[in-house]
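Open the model in your viewer and keep the selection tool at hand.

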Amino acid sequence: MPAFYAYGDGGCLVSAPAELSGLFCRAAVQQRKRTLVAASAVAAAAAECVRAAKKQRQQLAVLPSLDALPDECLFEILRRVPGGRDRGTSACVSRRWLALLGSIRASELGQAAAAVDTPALPDLNEEFVMEEEDKDETPADPCVERVLEGKEATDVRLAAMAVVAGSRGGLEKLAVRGSHPTRGVTDQGLSAVARGSPNLSSLALWDVPLITDAGLAEVAVGCPSLERLDISRCPLITDKGLVAVAQGCPNLVSLTIEACSGVGNEGLRAIGRCCTKLQAVNIKNCVHVGDQGISSLVCSATASLAKIRLQGLNITDASLAVIGYYGKAVTDLTLTRLATVGERGFWVMANAAGLQNLKCMSVTSCPGVTDLALSSIAKFCPSLKQLCLRKCVHVSDAGLTAFSESAKVFENLQLEECNRVTLVGILSFLRSCSQRFRALSLVKCTGIKDICSAPAKLPLCKSLRFLTIKDCPGFTDASLAVVGMICPQLEQVDLSGLGEVTDGGLLPLIQSSEAGLIKVDLSGCKNITDVAVSSLVKAHGKSLKKVSLEGCSKITDASLFTIAESCIELAELDLSNCMVSDYGVAILSSASHLKLRVLSLSGCSKVTQKSVPFLGNLGQSLEGLNLQFCSMIGNHNIASLEKKLWWCDILA
């Protein structure tokens, strides 16, 4: 029987004849020796590779590199790099290269290209490569516009943007809104844009606290074509920066300055003196801007200035007097929170008779607007078509009546929180208004409420097309019925927030409308029921394009049945927080002639997952679908609906 041998050191338990035992033992020992020799050789080879790599790194460190050159030499090399694509690639090498490329002006690139000598014997291969590069070049954009917001706004990103856009003529429109909290935009980033974008026409800087006059000066030097400048909440910008812009950008047509504490009268003086094409100026909440700055600006730009907006400034009656006398080209005037301007200022502004071209005027929270001022504005502004008064506490019915008697081409009146105006004043206004009057808006006017007795003779305003009575708590059915009788040609009606209005007030308005209602907003009219909506749809279904019933908790599927049956042109339907159900959605889906673009079912608790197949069949015309707070539908069904209506914007 064969003997068993055990080899303890790397061996194994084997069964072999006695004569082979010596042979197995010698073979195992030789194998172990070969393994040890091979391992030693591998270790030696690895050590040799490490030594070779270290030696190579030492040699490379000794080799000359572009990074060893001073900035002046590297600048000259980089500005001679041909092609915008190659310059963009070079900008990715390091921050140093990016900064140097950002410091190159577009004019210097042109000079560098012209300085390159044409070779006497051109290389045909090189010409072929250049042709291929030209074919691959991205075509120049007609208008290169970029926006940086929040944490994205850094010097590095702005410089990279300027370098890349420089290959296509540079940026034309740039807006920086906000800034990175620790690495925000500074003068360095703005300088890169100014040097690489000589055709920049529009610049907006909002909430960029590190930009100073030096950055604006770079823009003034590098961007002589600048037409629109918008600076908001930049505390380090002062008159010095505005003076530089005025001197370097004579083509400026629009200037907006908001909440810049360093800007005062001197900067505005320079703008008015140098920017003779200025058409629009918007100055808000600048504490150091006073009468001298506004007056000088308006006087100098009298021939071109068409739009003036002043808010929260320490100006007096003198500024309004200058506007009234020198504002010969002004068509749009907005005055907000001018606490130190009195009635005399508005009266003088109107009586100066310079605002002959004024078409649109908006006044908010100005105590100087009184009945006398309003009457003067109507008399001496013959072109006035639109007037918006907000929080003007001294305007009353008498002022509105006097205004309507003098405004011969007036079209649009908007009153918000003017609480001394009553329904009697509105009726008097409508009685004497011009034949062109088309739109009336009353918002949050607590004086608009039911009157004890209607006038013996009600006015008839056939020209009125657009009526808004919103959030006036005292306005009820009786007042609405009167409005319906005197305005038979209404096309758009907004009664949102009138919680006291019921079917009894809405039905007369619906029945008296002769022109055919196009848009109706009943949001928040919680007492409106299916009866009024059905009457509305049956009478005006052929013309209705938009219906909003948000918050009308008494609206049910009965209204949807009438809508599906009678509406032909309806494009937008808001049923948010209504009592409609799956049955109502199915009815809408079955109306093949209905081509809804926007449907809102937000907060409809009775709409469940059973509505999903019907919503999917609403057709290709659907562009927006609001299913927010429809908890009974479920996320899985929303996902399947998004796949089926892939072209539709679904909110859920």
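**Before you click.** This is a predicted model, so local features need pLDDT of at least 70 and side-chain atom pairs count only at pLDDT 80 or more, while totals for chains, interfaces and linings use all residues. Residues are numbered from 1 along each chain as its sequence is written, and side-chain values use heavy atoms, with hydrogens and water left out.

**Stop 1: the whole chain.** Show the cartoon. The protein chain has 24 helices and 22 strands. Both are DSSP runs numbered from the N terminus: helices are H or I with at least four residues, strands are E with at least two. Of the 652 residues, 46% count as buried. Buried means under 20% relative accessible area, exposed means over 50%, and partly exposed lies in between (1.4 Å probe, protein chains only).

**Stop 2: Y325 and Y326.** The structure holds 6 aromatic pairs. Here is one: the ring centres of Y325 and Y326 are 4.9 Å apart and the planes stand at 80 degrees, so this pair is edge-to-face. Rings of Phe, Tyr and Trp (its six-membered ring) pair if their centres lie within 6.5 Å; planes under 30 degrees apart are stacked, over 60 edge-to-face, and the rest tilted. Y325 has 46% relative accessibility, so it counts as partly exposed. Y326, at 32%, also counts as partly exposed.

**Stop 3: F410 and F429.** Select both. Their ring centres are 6.4 Å apart with planes at 85 degrees, so this pair is edge-to-face. The pair links distant parts of the chain, 19 residues apart. F410 is in the loop between helix 16 (397–406) and strand 13 (412–416), and F429 is in helix 17 (residues 423–432). Are F410 and F429 buried or exposed? Both are buried.

**Stop 4: charges over rings.** Select R177 and W206. R177 lies over the face of W206, 5.1 Å from the ring centre. The rule: NZ of Lys or CZ of Arg within 6 Å of the ring centre and within 35 degrees of the ring normal.

**Stop 5: the core.** Which residues touch the most other members of the largest nonpolar core? Select F346 and L599, the answer among its 164 residues. Helix 17 gives the most to this core, with 5 residues. A nonpolar core is a set of buried Ala, Val, Leu, Ile, Met, Phe, Trp, Tyr and Cys residues joined through side-chain atoms within 4.5 Å.
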